[in-house]
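Thanks for coming. I have one structure today and a few local details to go through. Please have the sequence and the model open.

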Amino acid sequence: PLGPWITVGSQMLAEQAAANGFKVALNGAGGDEFFCGYPTLNAAVAAKAYGLVPRALREGVIVPLVNRLPAGEGALPLAHKLKLFAGALDKDPYRTFFNFKMVTGPRQYGHLLSGDARAQLEPHSPYAAFEQYRDRIAGWSLIDALSYLDIKTFMEGSVLHLSDNASMSASLEERVPFLDNE
């Protein structure tokens, strides 16, 4: 689930624009995907090198040390990013990338969910959204493939949907120039 602050911020901005007489607004969605602005893309590239570190060293030393870091301050503290990075590594680079984006995932289910809830989730893969595009991105560079996955899953399934709902509720038409094919 996405945090409600995304929707609330978009809604407030749309209401303010509409209150000031604007009928149409431009949205920057797509810029981060096309210009590789998400830190998760950089982390996915770094994860390839991190994957070369022996597993025993990663799991026996690095992950426990990172998990002892204090929470930190700010919107995305360094400690939080390091904990995500250290615990996200998977043999599959696409799953690693997806793991960077999860707030909670299968590794946390045992601590967060009852046995019945875990059993209900077990047949459902959290990676299904990415898996449907695996054949299409076969042979692409890692950055191109991950950017495409962001566009087809995160942006299409949440960012555009939420911002469109926010702008429509304020009677503001939204345009997304980065997604204009021409």
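Predicted model: local features only at pLDDT ≥ 70, side-chain atom pairs only at ≥ 80, totals over all residues.

Next, helix 3, residues 39-50. Does its length agree or disagree with what its residue count should give? Twelve residues at 1.5 Å a residue should span 16 Å, and the end C-alpha atoms are 16 Å apart, so the two agree.

Which residues of helix 3 are buried? They are T40, L41, A43, A44, A47 and Y50. In general, an α-helix has 3.6 residues a turn, so residues three or four places apart point the same way. The buried residues of helix 3 pack against helix 4 (55-67), helix 5 (78-88), helix 6 (93-101) and helix 11 (142-169).

Take T40 from that list, a residue of helix 3. T40 counts as buried because its relative accessibility is 14%, and the cut-off for buried is under 20%. What does T40 touch, leaving aside neighbours within four places in sequence? The contacts of T40 are F97, F100 and K101.

Last, helix 4. Its buried residues are R58, V63 and V66. The cover over them includes helix 3 and helix 5.

That is where I stop.

How values were computed. Residues numbered from 1 in each chain as written. Heavy atoms only, no water. Helix = DSSP H or I, 4+ residues; strand = E, 2+ residues; numbered from the N terminus. Expected span 1.5 Å × (residues − 1). Buried < 20%, exposed > 50% of the residue type's maximum accessible area, 1.4 Å probe, protein only. Contact = heavy atoms within 4.5 Å.
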